[in-house]
Amino acid sequence: MEEGGNSGGLIKMVHLLVLSGAWGMQMWVTFVSGFLLFRGLPRHTFGLVQSKLFPFYFHTSMGCAFINLCILASQYAWAQLTFWEASQLCLLFLSLMLATINARWLEPHTTAAMWALQTVEKERGLGGEVAGSHQGPDPYRQLQEKDPKYNALRQNFFRYHGMSSLCNLGCLLSNGICLVSLALSLKSL
């Protein structure tokens, strides 16, 4: 803490740590762990891991966005916000909303759709192989062409998964822009 009980430096440090930690987590989960797990685990095991990881990940993203928004909102005189300060607040609010949508709505629907897909795949003896390991025709594509129920389940899963991915990328981009803003203003910190 600074002299005189001023906790401004501590608050700025917490803001930077939470924002950079959230962004680092988002980068890792989005661009590293998912691809490594997808290429290294059997399909249904990968789905099980994701069903355990994503609720925690999205709720942590939501919590970090909330903390950052609260810290930043308390630091400014609202009547005198600059364009960039207002932009940062909007970006953090966007990050909070997208993380909340992911945590509370999209992730549960995506996971439910995945379980439904896996049920049909298990009935057909699929799901134990690592992605890209099968030789010859793709059994999942064949199942999709033969079974309209499976095709509909697959479309439902990819619709939710796609929306979730877009929300996640929106959070990542919002937090990244806020980090760039912090980096550009380091001399004034």
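Contact here means heavy atoms within 4.5 Å, and in this predicted model that criterion, with neighbours within four places in sequence set aside, puts L92 in contact with H15, L19, A65, N68, L69, L72, N175 and C178.

**Nonpolar cores**

L92 also stands out in the largest nonpolar core, which has 24 residues and in which L19, L89 and L92 touch the most other members. Two or more residues of this core come from each of α1, α2, α3 (83-123) and α5 (148-184), and α3 supplies the largest share, eight residues.

**Surface patch**

On the surface, L10, M13, V14, L17, F66 and I67 form a nonpolar patch whose accessible area together is about 530 Å². The elements that give two or more residues to the patch are α1 (8-40) and α2 (43-75), with the largest share, four residues, coming from α1. V14, which lies in helix α1, counts as partly exposed because its relative accessibility is 32%, a value between the 20% and 50% limits of that class.

**Annotated spans**

According to the unreviewed UniProt entry, the annotation "transmembrane region" covers residues 20-41, 53-74, 86-106 and 166-186. For two of these spans, the table gives the secondary structure and the distance between the end C-alpha atoms.

| Span | Helix and strand | End C-alpha atoms apart |
|---|---|---|
| residues 53-74 | 100% helix, 0% strand | 32 Å |
| residues 86-106 | 100% helix, 0% strand | 28 Å |

Note on methods
Residues numbered from 1 in each chain as written. Predicted model: local features only at pLDDT ≥ 70, side-chain atom pairs only at ≥ 80, totals over all residues. Heavy atoms only, no water. Patch = residues over 30% accessible without salt bridge, like charges linked within 9 Å, V, L, I, M, F, W, Y side chains within 5 Å. Areas by Shrake-Rupley, 256 points an atom, 1.4 Å probe, with all protein chains shown as cover. Salt bridge = Lys/Arg side-chain N within 4 Å of Asp/Glu carboxyl O. Buried < 20%, exposed > 50% of the residue type's maximum accessible area, 1.4 Å probe, protein only. UniProt positions renumbered as here; feature names shortened; annotations may be inferred. Core = buried A, V, L, I, M, F, W, Y, C linked by side-chain atoms within 4.5 Å.
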